[in-house]
Amino acid sequence: MARPFRPAEINEVFSRFAAQDPDPRSELEYINPYTLLVAVVLSAQATDKSVNKATEALFFKADTPEKMVALGEATLRDAIKTIGLYRTKAKNVIALSNTLIAEHGSQVPRDRNALEALPGVGRKTANVVLNVAFGEPTIAVDTHIFRVANRAGLAPGKNPREVEDGLNSVVPEKYRLHAHHWLILHGRYTCLARKPRCPDCLIADLCRYGDKTPASGTAPELKGRVLKKALKTSSAKRKRRRARSSP
Ligand code: SF4
C-alpha cells in the first residue's frame, strides 16, 4: 500500500492547485441558486456541456420554481431530451420546484437535510449547491474526484462517502472551499480515466499512483518493442554475415 500523504505534502498539493487556478468555477451555467440546483440535478450521469446546451434556452424561460411549474413536465421533458435520463429528471425538477414553492418560500434552502429531502437531490447534489451557491466548504465527490483521490492516494476510499470524509479530514481548511473544483477539473482535464496525463501533471512528484503514464516515446512497452526489434535485426545481420563469409 502506498505511503499516506503527510500534512505538508497535502498542503503542497493544494497550494499548487491554488497557484495555478486561484478562483476555480463550476463549468455548469446557472443564473441563481434555483437554476444551479436544477442544473446539478440534470447533470447526473451527463456532461456539463450537454446540460449547458439544454439549459441555455430553458433558464431563459424558467429561472424560478413557479415558472418551471408553469412550463409543465411535458415541455420541460422536451427541452432536456438531449440529456440522459431526461424523463425521470423532468419529473424530479417539477416535483422539487413544487416542494420549494410549498415548503421553502420558493427559495433553495441552505440546509443539507432540506436539500436532500428534495426529489432527485442526493448528498452529492446538496454538496455542490452548498458549496457553489452558499460558499460552504463542502466537497461533492463525483466520478472524477473519486478517481483522483484514490489514484493519487490523497484520500483513498471504497465509496464516495469514504472519499468525502477522507478529503474533509486531510484538506487544509484554507483550501477546502475550492478543493471540490480543483479536484474535479484535475480529473476532467489531467488525471483522465483511461490515460492520465501524468507528464503534464503538476502534482506528479507527489502522486502515489504506481502506473503513471510515461512521457511520450519513453513508454516501457515501446522501449521493449524497439529493443526486441533491434535484437532481431542484429541477429539477422549476423546470420547474413556468417552466410556471406562461409565458403
Ligand atoms: S501523476 Fe498521473 S495519476 Fe497522478 S494525479 Fe497526476 S495525472 Fe493522476
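This is a predicted model: local features need pLDDT of at least 70, side-chain atom pairs count only at pLDDT 80 or more; totals for chains, interfaces and linings use all residues.
Biologist: What pLDDT does the protein average?
Modeller: A score of at least 70 is reached by 87% of the residues. Taken over the protein, the average pLDDT is 90.

Biologist: How many helices does the protein have?
Modeller: Helices are DSSP runs of H or I with at least four residues and strands are runs of E with at least two, numbered from the N terminus. The protein has 0 strands, and along the sequence its pattern reads α-α-α-α-α-α-α-α-α-α-α-α. The number of helices is 12.

Biologist: Why is helix α2 described as largely enclosed by the rest of the structure, and how many of its residues are buried?
Modeller: A residue is buried if 20 or more other C-beta atoms, placed from the backbone, lie within 10 Å of its own, exposed if 12 or fewer do, and partly exposed in between. The buried residues of α2, among them Y34, L37 and V41, pack against α3 (48-61), α4 (65-71), α6 (86-103) and α8 (123-132). Helix α2 (residues 33-42) is largely enclosed by the rest of the structure because the buried residues number 9 of the 10.

Biologist: Is G120 buried or exposed?
Modeller: G120 is found in the loop between α7 (112-116) and α8. Beyond its neighbours within four places in sequence, G120 is in contact with V41, K89, N92 and L96. Since G120 has 20 C-beta neighbours inside 10 Å, it counts as buried.

Biologist: At what angle do helices α9 and α10 pack?
Modeller: Two packed helices are described by the angle between their axes and the distance between the axes. Axes are lines fitted to C-alpha atoms over the stretch in contact, and angles run from 0 to 180 degrees between N-to-C directions. For α9 (residues 143-152) and α10 (residues 160-170), the axes lie 10 Å apart and the angle is about 65°.

Biologist: Which residues of α10 make the contact with α9?
Modeller: The residues of this contact divide into 6 nonpolar, 2 polar and no charged, where Ala, Val, Leu, Ile, Met, Phe, Trp, Tyr, Cys and Pro count as nonpolar, Asp, Glu, Lys and Arg as charged, and the others, Gly among them, as polar. From α9 come I145, F146, A149 and N150, and from α10 come P160, V163, G166 and L167.

Biologist: What is the phi of Q45, and is Q45 buried or exposed?
Modeller: Q45 lies in the loop between α2 and α3. Although Q45 is not a glycine, its phi is positive, at about 55°. With 9 C-beta neighbours inside 10 Å, Q45 counts as exposed.

Biologist: Which residues are the closest to the ligand?
Modeller: The ligand is surrounded by 13 residues, a residue being near if its C-beta atom, placed from the backbone, lies within 6 Å. By class, this shell has 9 nonpolar, 1 polar and 3 charged residues. The closest are C191, P196, C198, C201 and C207.

Notes: Residues are numbered from 1 along each chain as its sequence is written. Two residues are in contact if their C-beta atoms, placed from the backbone, lie within 7 Å. pLDDT is the predictor's confidence in each residue, from 0 to 100.
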